[in-house]
Amino acid sequence: MAKITEATLKNQLKSGELSPFYLLYGDEDYLISLYADRIISVADGPFADFNISKFPEATDLTEAVNALCQMPAMGEKRVAAVYNPDTAKLSQKSLDLLEKYLADPSPTSVLVIYFIGKGIGNTSASKKLMSLAEKRGSLLKLGRLSRSDLIKLLCKGAANRGCSMSTGAASLLIDYCGDDLNALNRELEKLCAYAGNRQIADGDIKLLCPKSITEDAFDMIRAINSCNISGALTVLGRLFTAREEPQAIFGALVYSYINLFRVVSAKKSRISLDEAAKRFNMKSAYPLIKSKREAESLVTDKIKQCLLTLDLCDKSLKSAADSRLLLEETLVKLYRISTGKDSEKSGGAV
């Protein structure tokens, strides 16, 4: 037993030779949920209600261990599923009980502990669970997929639903929705239902899939850096027409400029964007990779000036009578900084 890969888990599920204990965690909630459900489903059957015991947000593992000690009813497996346990509150007594159980586990029982929407933490209990999974079970960390892997998954998902999708269309969908698998799968379901048995076209994506506000903010920055202030203002106008909150628009702009600064900092520190994402506790390096081209068009001082300008906007936005006008003025200031038309360090007046 040890750290395993996604491929190893697939093989275990296919062969039926399961570990007595699985610990699933990481940044890709969709995959964690998917594989946790597949492990739990090994106890499906007419007596699933008896053979599957679920313990959401548990603060003690005693009940879960007790469930593992029971024989399955009219089935081959019994599963105890512990979802998002509070590792800060797990008692040492229950952890010791789990360790004792795993020294001689029931061959018909499987324990799966998994975390969705939260990290595993860095508590003594977290470390104990990871150690037990490595020594007595299987430890699997599921991180965000690379862009190429996402494209392959989307194309395969479209084929499984009776239609098709080109790699270019899959790439466009990622540009629109980001790299979160939950969001991508929701949009893919919609697109496949609309396309029927034909190939999903770029026009379908543009028609049916609204861009995330983060992607819209990035489009504004890209337009600004391309000396297209009218394009940036058009995107902003569309966001207001869609009744997006001004604070949300502003927050997305700040996030995008911070990512530009992170890219420049990574280059100066001579570290990869993947390593930079880890150091900044980001779920994925995708936003940094996407920001690389725009960051290269701006020197560090200009990015700093843009952030100072956004700081001034933040202070005014809370009390602004016309938030749209304030954000439009801020975009123009950012444009002037980007094009070198504003010499004031703080962004200056328009």
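I began with helix 6 (residues 124-136), whose 13 residues reach 18 Å from first C-alpha to last, close to the 18 Å expected at 1.5 Å a residue. A reminder to myself: this is a predicted model.

Next I looked up which residues of helix 6 are buried, and found Ala125, Ser126, Leu129, Leu132 and Ala133. They sit on the same side of helix 6, because they cover an arc of only 130 degrees around the axis.

What covers the buried residues of helix 6? I noted that the cover includes helix 5 (92-103) and several strands, among them strand 1 (2-3) and strand 6 (138-142).

Then I turned to leucine 13, which lies in helix 1 (residues 6-15). Is leucine 13 buried, partly exposed or exposed? Its relative accessibility is 21%, so I wrote down partly exposed, as buried would need under 20%. Setting aside neighbours within four places in sequence, I listed its contacts as Leu18, Tyr35, Arg38, Ile39 and Val42.

My last stop was a pair, helix 12 (residues 229-241) and helix 17 (residues 323-338). I read an angle of about 155 degrees between them, with axes 10 Å apart. The two helices are therefore roughly antiparallel, since angles over 145 degrees count that way. Their crossing is right-handed. Where they meet, I saw Leu233 and Phe240 among the residues of helix 12, and Leu327 and Tyr335 among those of helix 17.

Note on methods
Residues numbered from 1 in each chain as written. Predicted model: local features only at pLDDT ≥ 70, side-chain atom pairs only at ≥ 80, totals over all residues. Heavy atoms only, no water. Helix = DSSP H or I, 4+ residues; strand = E, 2+ residues; numbered from the N terminus. Buried < 20%, exposed > 50% of the residue type's maximum accessible area, 1.4 Å probe, protein only. Contact = heavy atoms within 4.5 Å. Expected span 1.5 Å × (residues − 1). Arc of directions from axis to C-beta. Axes fitted to C-alpha atoms, helices over the stretch in contact; angles between N-to-C directions. Parallel < 35°, antiparallel > 145°, perpendicular 65-115°, else oblique. Left-handed = near helix turned anticlockwise from the far one by under 90°.
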